[in-house]
Amino acid sequence: MTSTTTPIEAVRLPDPYPFYATLVAERPFAYDEALGAWVAADASAVRAVLGSDALRVRPPAEPVPAGIDGTAAGEVFGDLVRMTDGTTQGRLKAVVVDALTRADTGHAARLAREFTREALAAGGEVPYEELMFAVPARVVASLGGLTDGADREAARAIGDFVQCIPANATPAQQDAAATAAARLRELLAPGLTERGDGLLAELVRAADRASWPHRAPLLSNAVGFLSQTYDATAGLIGNTLVALARGATVAAPADIEALVREVVRHDAPIQNTRRFAAEPFVHADAKVEPGGQVLVLLAAANRDPAVNPDPHALHPGRVNPTVFTFGASAHRCPGEALAVALATAVVTELLAAGFSPSTFPSTPVYRPLANARIPLI
Ligand code: HEM
């Protein structure tokens with residue numbers, strides 16, 4: 001850690017956790033002049049921020065980033081339950097949760113193992129990037145009914161789409177995202193029918209059960225399943241491989257899921273998220289005025305000793321850990337079971353194929369991202 005570390009740079013430090021621990025102990029909810037934002041670091045502040053209706057997922061004056069407004073990427077973005085708040089979001093979120101709860105995680109895991117074997121079949125260097133990014137995205141695309149190469153195309157397109165999400169996306173990235181969003185809608189649209197056992201059919205049936213009449217937001221949120229999977233699951237697979245490279249052991253295949261679940265807490269693939277004050281928000285003796293921003297350090301709160309004993313130790317099989325990596329309250333991630341199943345399947349297949357953890361870097365360089373912690377291999 002250096003004195004110039006910021007909570008954004010921390011995401012890609014070899015070891016951001018001493019820095020986070022200092023924030024938890026000394027500045028659990030404080031204004032950061034350099035960032036121009038409030039920073040919530042301890043479990044109490046993170047829980048309060050994520051649970052507040054005064055704080056929104058987008059700046060109220062810019063619900064869709066200006067650079068993609070009016071494009072297919074903007075239309076998708078503006079429909080995502082992840083990027084909207086309020087009553088309509090609540091209704092659509094219930095549909096999304098209903099559909100994802102019915103996703104067959106066993107089938108997803110089998111597909112992830114099959115795609116991992118396929119990726120390894122070429123021999124030579126382990127294709128880590130493909131295993132981390134393409135395999136989970138292909139599985140979710142397959143659950144959405146895309147097969148015969150369309151799953152691969154969707155996995156590539158979603159890599160382009162996610163580039164428009166960071167606030168500092170360039171015009172070229174926004175253009176590529178718009179093209180990708182249009183193509184992804186085209187690919188996924190035929191799956192939006194009541195029949196079938198895929199994820200899109202589950203979405204349609206869940207919408208019918210909830211008397212939700214609009215089809216376009218279902219399609220957008222199907223694209224959202226891919227985008228929410230992409231970086232986050234890549235980070236979970238990568239950070240689990242880092243834990244193995246640092247000496248974590250798995251005596252039996254069943255231990256792999258316990259390791260993945262503890263990596264979720266210990267070395268969170270999504271380290272932070274943001275909120276924007278639409279109304280005053282008060283926590284402890286601090287007040288965020290409307291227009292203020294809050295950076296929510298999920299990864300710091302996971303290691304708050306007030307909620308997890310011995311928080312810096314990696315203890316697979318921890319009993320009732322408190323984990324913020326999948327968020328909390330209205331925007332809590334509905335993809336946790338799927339993400340854990342995918343990461344467990346990829347790592348299981350890799351170990352079964354004779355992967356030696358010592359060949360993976362134990363102190364990797366991380367991708368230059370503001371919220372996802374993903375080793376650069
Ligand atoms: C390791 C993998 C994953 C991590 C760490 C993760 C983390 C998160 C977090 C932190 C949020 C909430 C963000 C916020 O409140 O600002 C979220 C939302 C969401 N995630 Fe995940 N996610 C993962 C995988 C997935 C997968 C595989 C899916 C589905 C296929 C998914 C679907 C969603 C959706 C639909 C939302 C929006 C929920 C809402 O805003 O109401 N996620 N995720």
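Two residues are in contact when they have heavy atoms within 4.5 Å of each other. This is a predicted model, in which local features need pLDDT of at least 70 and side-chain atom pairs count only at pLDDT 80 or more, while totals for chains, interfaces and linings use all residues. Residues are numbered from 1 along each chain as its sequence is written, and side-chain values use heavy atoms, with hydrogens and water left out. By the contact rule, Thr344 meets Ile256, Glu257 and Val260, leaving aside its neighbours within four places in sequence.

**Overall form**

- The chain contains 13 helices and 7 strands; these are DSSP runs numbered from the N terminus, with helices (H or I) of at least four residues and strands (E) of at least two.
- Along the principal axes, the C-alpha atoms fill a box of roughly 55 × 50 × 40 Å.
- Of the contacts between residues at least 6 apart in sequence, 70% join residues at least 24 apart.

**Surface and burial**

- Of the 377 residues, 53% are buried, where buried means under 20% relative accessible area, exposed over 50%, and partly exposed in between (1.4 Å probe, protein chains only).
- The accessible surface of the chain is about 16100 Å², and carbon and sulfur atoms account for 53% of that surface.

**Iron site**

- Cys333 is the only protein donor of the iron atom of the ligand, through SG at 2.3 Å; donors are N, O and S atoms within 2.8 Å of the metal (3.2 Å for Na, K and Ca), and water is not among the atoms, so sites may look incomplete.
- Cys333 lies in the loop that runs between helix H12 (298–301) and helix H13 (336–352).

**Thr344**

- Thr344 belongs to helix H13.
- Thr344 counts as buried because its relative accessible area is 11%.

**Ala72**

- Ala72 is in helix H3, which covers residues 72–79.
- With a relative accessible area of 14%, Ala72 is buried.
- Not counting residues up to four places away in sequence, Ala72 touches Ala178, Ala181, Ala182 and Arg185.
- Ala177 is 105 residues from Ala72 along the chain, and the C-alpha atoms of the two are separated by 8.4 Å.

Technical notes
Areas by Shrake-Rupley, 256 points an atom, 1.4 Å probe, with all protein chains shown as cover.
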